[in-house]
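Reader: I have the model open and would like to go through it piece by piece. Can you take me through the strands and the helices as we go?

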Amino acid sequence: MTTFQLNGKTVIVDLRPGTTLLDYLRQEGFFSVKYGSDKGETGADSVLVDGKIMNASLMLIHTVNGKTIETVESFATGRDVHPLQDAFIEEGAIQCGYCTPGMILAIESLAREIETPSEDNVKDVLAGVYCRCTGYVKPIKAAIKYLAAKNTKGHEGK
Ligand code: FES
């Protein structure tokens, strides 16, 4: 048995050996997590594991026992999207959208790790997510906008 938290809910599974976290998530309808390759180079399969960006295709399901998994499905509630998703929309940073969930999770992992990330930090973290539409400028702008707003908010009232 494998027990973990997935988007705030406890999940208990007993799956065949060799099942990856990507296999499980796709089977359960978490379609924001996508297949990109068998080796995780594309970042399309990104998820947050205990707040850190990881490749779901490289994780066997039993290795997530006791961990907390987040996908982009947990970022929006109905039509209320996460402020980072809002920044992507405002900056026109979404083209086909295939890479967008991975980018959102990568930026969020950075925001949680470093209080005031630099543009270079943003570029570094997005280097792990391939955009076949080659649209990196606008996602970087969206990330910087989100991080600046988050930082300003975080310092209000201090
Ligand atoms: S928006 Fe199409 S792959 Fe990035």
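Predicted model: local features only at pLDDT ≥ 70, side-chain atom pairs only at ≥ 80, totals over all residues.

Author: Valine 47 stands opposite methionine 54 in β4. Residues are numbered from 1 along each chain as its sequence is written.

Reader: Over how many bridges do β3 and β4 pair, and in which sense?

Author: Four bridges, in the antiparallel sense. Two strands count as paired if DSSP finds at least two bridges between them.

Reader: What is in the turn of that hairpin?

Author: Two residues lie between β3 and β4, and aspartate 50 in the turn has a positive phi of about 50°.

Reader: Which way do the residues of β3 point?

Author: Ser46 and Leu48 point one way, Val47 and Val49 the other, and all are buried. Buried means that 20 or more other C-beta atoms lie within 10 Å of the residue's own; exposed means 12 or fewer, partly exposed is in between, and C-beta atoms are placed from the backbone. In a regular strand the side chains alternate between the two faces of the sheet.

Reader: What is the strand order in the sheet?

Author: The order is β2-β1-β5-β3-β4, an open sheet of five strands with mixed pairing. β2 (9–13) and β4 are the edge strands, each pairing on one side only. From one strand to the next the twist averages 40°. Axes are lines fitted to C-alpha atoms, for helices over the stretch in contact, and angles run from 0 to 180 degrees between N-to-C directions.

Reader: Is β5 parallel or antiparallel to β1? And what about β3?

Author: β1 and β5 run parallel, joined by two bridges. β3 and β5 (residues 68–70) run antiparallel, also with two bridges. Isoleucine 69 in β5 stands opposite leucine 6, and valine 49 stands opposite isoleucine 69 as well.

Reader: And how many bridges between β1 and β2?

Author: Five, with β1 (residues 2–6) and β2 paired in the antiparallel sense. Threonine 2 stands opposite valine 13 in β2. The two strands form a hairpin with two residues between them. Asparagine 7, in the loop between β1 and β2, has a phi near 50°, a positive value in a residue other than glycine.

Reader: Why does asparagine 7 count as partly exposed?

Author: Because it has 15 C-beta neighbours inside 10 Å.

Reader: Where is threonine 134, and what is its phi?

Author: Threonine 134 is in the loop between α4 (119–126) and α5 (137–155). Its phi is near 60°, a positive value in a residue other than glycine. Threonine 134 is exposed, because 8 other C-beta atoms lie within 10 Å.

Reader: Switching to tyrosine 24. Buried or exposed?

Author: Buried, because 23 other C-beta atoms lie within 10 Å. Tyrosine 24 lies in helix α1 (residues 21–27).

Reader: What is tyrosine 24 in contact with?

Author: Leaving aside neighbours within four places in sequence, tyrosine 24 is in contact with Val13, Leu15, Thr19 and Ile61. Contact means that the C-beta atoms of two residues, placed from the backbone, lie within 7 Å. Isoleucine 61 is 37 residues from tyrosine 24 along the chain, and their C-alpha atoms are separated by 7.5 Å.

Reader: Which strands does α3 lie across?

Author: Helix α3 (residues 100–113) lies across β3 and β4, running at about 30° to β3. α3 is mostly covered, with eleven of its 14 residues buried; among them are Met103, Ile104 and Ile107. From first C-alpha to last, α3 reaches 20 Å, close to the 20 Å expected at 1.5 Å a residue. The expected span is 1.5 Å times one less than the number of residues.

Reader: Last topic, the domains. Where are the bounds?

Author: Domain 1 covers 2–74 and domain 2 covers 83–155; the bounds come from an automatic or database domain assignment. Their centres, taken over C-alpha atoms, are 21 Å apart. The contact takes 13 residues from domain 1 and 13 residues from domain 2.

Reader: Which elements give two or more residues to the domain 1 side?

Author: β3 (46–49) and β4 (52–55). The largest share, three residues, comes from β3.
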